[in-house]
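Student: I would like to learn how to read helix packing, chain interfaces and salt bridges in a model. Could you take me through them one by one?

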Amino acid sequence: MRLAAFGGIYSNHLALAAVLEDLRQGGSDLAWCLGDLGGFGPHPDRAVAALRSSGIPTLRGNMDDSVGHARGDCDCGYTDPRDNAFAQRSYDYTLAHTSPEHRAWMRDLPECHRLEAGGRRVLLCHGSPRRVNEFLWESACSDAFLEWMCAEHGADLLLCSHTGLHWHRALPSGRHVVNVGTIGRPANDGRTEVWYARVELEDGVRVDFRSVAYDHESLAREMESEALPPEFVETIRTGWWTTCLENLPAKERRAGRF
Amino acid sequence: MERFPAQPLHHLDVLWIQVAGTLCNLSCTHCFVTCGPGERRHPMMSRGEVRARVAEALGMGVREFYFTGGEPFLHPDLIEILEDTLASAPATVLTNGTLLTASRIESLRRLSDESRSSLEIRVSLDGLDAAAHDAFRGAGAFARTIEGLRDLEASGLLPIVTVTHTGDDDPLVFRERCLHALGALGLSRPRIKTLPMFRLGRETTRTRGYAEIESLRDLPESAFDPHRLQCGSCRAVSAKGVHVCPLLVDEPGGRMGERLDQTLTPFKLSHGACFTCYVTGMTCGNG
């Protein structure tokens with residue numbers, strides 16, 4: 001089985017369109033969206049409508065839960081006050097521009113999903129299986145911790161998102177953890193493309209990450225016309241994170257510009 | 001009968017290691033563990049002891065380790081201990097930043113580069129100028145700490161600066177003030193973590209200890225959030241055993257057992273520090 005998974009659309013409807021086109025050409029048997037449809041980008045209804053039309057099954061991320069229930073903030077899990085201030089602006093804009101019908105749909109999305117493929121138990125989640133807004137950074141998780149998490153939640157292959165940075169770890173036990181990245185903002189690598197994951201489950205587990213280019217300049221102009229923070233626009237244009245990065249571990253932080 | 005909420009341990013995500021015991025080169029007036037030169041109430045932990053604790057915690061699925069004291073860089077084997085640990089898990093060192101020699105920083109950068117796991121260096125700063133900082137930490141401490149921070153940043157280690165937030169100003173305003181001051185001191189990419197003051201150790205003499213009202217006594221079970229406190233996911237080890245958290249290693253009732261697997265039981269939140277943690281929602285971790 002060839003499984004594709006992406007997360008964190010963050011209202012980037014142009015990146016979503018490019019990813020959907022890439023999926024059509026890529027020959028995956030199944031695709032999943034791991035949640036966080038809104039936030040950051042412009043016109044959230046556009047991405048939600050496109051995703052729903054695609055028929056791709058979707059998990060409920062923290063932003064979807066918060067926007068769906070109008071909980072007051074995105075529950076992103078940041079602790080830094082500047083990060084939280086930007087997250088609040090994202091949430092407020094997204095809530096104000098998401099239709100009641102889409103919000104009702106978000107409320108009913110599942111938080112996790114299980115499937116079996118290639119003789120393996122696959123668990124899909126947004127942050128982690130135990131907490132929707134948990135950040136699983138590559139450099140901040142020991143093998144022992146990931147082994148425990150997989151064992152505790154009955155997974156041979158765990159797929160997650162939420163952090164915005166994609167990575168894959170083959171664990172000593174033969175289990176695998178894949179953070180599929182996000183397609184709503186670039187991966188803090190100075191490139192404007194966005195990333196998702198393809199996993200082949202046949203005679204083992206093979207993971208490859210796909211980078212997808214899209215019309216990021218058009219998105220940047222849409223963001224400007226919606227008066228979204230210039231810091232967000234800069235990230236779309238440069239590929240470097242300017243906000244919501246204070247909880248990055250040193251290794252990941254060092255790879256970025258700010 | 002007094003009733004306090006009990007905090008379950010959901011999972012051991014974090015193990016704190018009081019590697020330097022209570023030995024420190026400074027005698028800070030607010031130190032919550034009353035560390036200082038010649039303070040040996042908690043001895044240093046040997047490299048072998050630390051290695052055994054790391055193995056014990058890895059067997060329980062721990063995510064990361066924090067090294068504290070006292071001043072960890074007084075430990076003669078700290079670099080080797082970090083090397084041992086980083087082979088398996090992320091590690092953070094909490095330091096006053098005054099003992100960061102060029103060779104130590106070079107070693108830290110090498111360890112960081114060679115490990116898949118993150119190495120975080122967290123430096124405590126108790127004021128944004130020498131007068132404020134040195135009032136807590138002693139004359140000359142500010143200058144040495146800022147030099148240490150600059151050297152860490154120049155090496156690419158991107159230290160976390162821990163600042164104590166004692167005023168009533170808005171957290172965002174406070175953060176910006178810290179960033180501005182650190183920028184003026186030549187630090188271009190400081191990462192800021194704020195902590196509240198704890199009325200423990202020497203702070204009880206500098207100001208006061210906890211008042212009776214500063215307590216979680218009789219907090220209704222229905223109002224208690226068991227996912228708010230760091231002791232739901234951490235333990236601390238010293239040469240004296242296993243403690244509920246790094247704040248209570250030197251407090252009566254903070255010790256829970258000898259082995260980690262003896263400390264999986266809920267902890268009664270009867271200490272004043274539990275009140276501070278619960279009210280502020282703080283964690284000693286990096287996040």
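This is a predicted model: local features need pLDDT of at least 70, side-chain atom pairs count only at pLDDT 80 or more; totals for chains, interfaces and linings use all residues.

Student: At what angle do the axes of H3(A) and H4(A) cross?

Tutor: Helices are DSSP runs of H or I with at least four residues, and strands are E runs of at least two, numbered from the N terminus; axes are lines fitted to C-alpha atoms, for helices over the stretch in contact, with angles from 0 to 180 degrees between N-to-C directions. Here the axes of H3 (residues 62–69) and H4 (residues 81–96), both of chain A, come within 10 Å and cross at roughly 55°. H3(A) and H4(A) are therefore oblique to each other, given that under 35 degrees is roughly parallel, over 145 roughly antiparallel, 65 to 115 roughly perpendicular and the rest oblique.

Student: Which residues of H4(A) and H6(B) meet?

Tutor: Contact means heavy atoms within 4.5 Å. On H4(A), the residues are A:Pro81, A:Arg82 and A:Ala85, which meet B:Pro171, B:Leu172, B:Arg175 and B:Glu176 in H6(B).

Student: How much area do chain A and chain B bury between them?

Tutor: Buried area is the accessible area (1.4 Å probe) that two parts lose on being put together, summed over both. For chain A and chain B the value is about 2,200 Å², with 49% of it on carbon and sulfur atoms. A:Ala250, A:Lys251 and A:Arg254 supply 25% of the area that chain A buries against chain B, more than any other three residues. Counted by contact, 26 residues of chain A touch 30 residues of chain B.

Student: How many salt bridges are there between chain A and chain B?

Tutor: A salt bridge is a side-chain nitrogen of Lys or Arg within 4 Å of a carboxyl oxygen of Asp or Glu. Between chain A and chain B the count is six, and A:Arg130 forms a salt bridge with B:Asp13, their closest N and O atoms being 2.5 Å apart. Over all chains the structure holds 44. Within chain A, the side chains of A:Arg210 and A:Asp22 meet in a salt bridge at 2.7 Å, N to O. A:Arg210 lies in strand S9 (residues 205–212) and A:Asp22 in helix H1 (residues 13–26), so this pair ties together parts of chain A that are 188 residues apart in sequence.

Conventions
Residues are numbered from 1 along each chain as its sequence is written. Chains are lettered from A and ligands numbered from 1 in the order in which they are written. Side-chain values use heavy atoms; hydrogens and water are left out.
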